[in-house]
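Subject: Structure handover and notes

Hello,

Please find the structure below. My notes on it follow, grouped by topic.

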Amino acid sequence: MDPLYGAHERCLYEHVERMRAIMNALRDRDTVSVAELAVEHGVSEMTIRRDLDELAQQGVVRRIRGGALSLLLRGEEPPFGVREREAVEVKRRIGVAVAALIADGEAVVLDGGTTALEVARALVGRRLTVLPLALQSVSMLAAAPRVRLVLPGGEVRQGELNFMGPLAESSIKALRFDTAVIGCCGLSAEHGLTAHDLPEVAIKQAAIASARRVIVVCDSGKFARTAFGAVCPISRLDVVVTDPGIPPEERDALVAAGVTVKEAE
């Protein structure tokens, strides 16, 4: 391997891990200190300032003298740009595993979110009809030569770039799909599939109701969370594609409810 390439990859990995740790600190307390974070992570204060500036641009923090103030609300998920850095390789493996479950010729409604975006990436070379529910997936699939791309109407949620609102719901309800690929903010046997944003709950419900088969994509960390809005019980799901970190009790409960669980290796 090129030493320069290896150094770049190492720096990128360290940056991602450091940003994840800062996000965790922001969830535990309202403010973080540049000096304390620099000591904790063994980097310069300038590096931490750049990290906090990046989070400020994403709306996660407000910069204050000597540190930053968390803007994360307990009832909301972190911005797309932050979540995009979390469990990257896991999400890519999940995307590939989901693509293997979809046959050429299918009509697919593809939810928004960072894991669903990896599904879109894995579908680029396939012969499919796809209705993406986020602009990131639209961009990913727009140049795919064998994908018939169908777009919903409606508003676009700022930051997330998901389609939402009555027009988007009507577009989904007017169609029938072989498969709905749905993301989530939380998933559990007790609370079912949940999401933070209430307009997004309605879109997910419309997609599920319009599909013959429902595949949920989520990394195992989602099993430790329950979001504000209830989408559906686990009995409405057909397949859950996750990673080997899924809690055994949640896996057993899904299987008992008739859901197929696939762990992307």
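Glu-200 counts as buried, at 10% relative accessibility. Its side chain meets that of Lys-204 in a salt bridge, with 3.2 Å from N to O. Glu-200 and Lys-204 are four residues apart in helix H9, which means that about one helical turn separates them. Please keep in mind that this is a predicted model.

Salt bridges

Lys-204 has a further partner: its side chain also meets that of Asp-111 in a salt bridge, at 2.4 Å from N to O. Lys-204 lies in helix H9, while Asp-111 sits in the loop between E4 and helix H6 (114–122), so this pair ties together parts that are 93 residues apart in sequence. The cut-off for buried is under 20% relative accessible area.

Another salt bridge joins Arg-251 and Glu-263, whose closest N and O atoms are 2.8 Å apart. Arg-251 belongs to helix H10 and Glu-263 to strand E15 (residues 260–263), so the pair links parts that are twelve residues apart in sequence. Elsewhere, salt bridges with shared partners join Asp-111, Arg-157, Asp-197, Glu-200 and Lys-204 into one network. The structure holds 15 salt bridges.

Helix H10 (residues 248–256) also contains Glu-249. Is Glu-249 buried or exposed? Glu-249 is exposed, with a relative accessible area of 53%. From C-alpha to C-alpha, Glu-249 is 9.0 Å away from Ala-189 in space, while the two are 60 residues apart in sequence.

Nonpolar cores

The largest nonpolar core has 36 residues, of which Leu-187, Leu-193, Val-216, Leu-237 and Val-240 touch the most other members. At least two residues of this core come from each of strand E4 (107–110), helix H8 (166–173), strand E9 (177–182), strand E11 (192–195), helix H9 (198–209), strand E12 (211–217) and strand E13 (229–232). Helix H9 gives the most, with five residues.

Which residues does Val-240 contact, leaving aside its neighbours within four places in sequence? They are Leu-187, Val-216, Cys-218, Phe-223, Leu-254, Val-259, Thr-260, Val-261 and Lys-262. There is also a second, separate core of 22 residues, which includes Val-108, Ala-116, Ala-120 and Ala-144.

A three-stranded sheet

Three strands form an open sheet in the order E1-E3-E2, with antiparallel pairing. Strand E1 (31–33) and strand E2 (61–64) are the edge strands, each pairing on one side only. On average, and with direction ignored, neighbouring strands of this sheet are turned by 25° against each other. E2 pairs with strand E3 (residues 67–70) in the antiparallel sense over four bridges. In this part of the sheet, Val-61 stands opposite Ser-70 in E3.

Two helices pack on the sheet. Helix H2 (residues 34–41) touches E1, E2 and E3, and its direction makes about 65° with that of E1. Helix H3 (residues 45–57) likewise touches E1, E2 and E3, and its direction makes about 135° with that of E2.

Regards

How values were computed. Residues numbered from 1 in each chain as written. Predicted model: local features only at pLDDT ≥ 70, side-chain atom pairs only at ≥ 80, totals over all residues. Heavy atoms only, no water. Buried < 20%, exposed > 50% of the residue type's maximum accessible area, 1.4 Å probe, protein only. Core = buried A, V, L, I, M, F, W, Y, C linked by side-chain atoms within 4.5 Å. Contact = heavy atoms within 4.5 Å. Salt bridge = Lys/Arg side-chain N within 4 Å of Asp/Glu carboxyl O. Pairing = 2+ DSSP bridges. Axes fitted to C-alpha atoms, helices over the stretch in contact; angles between N-to-C directions.
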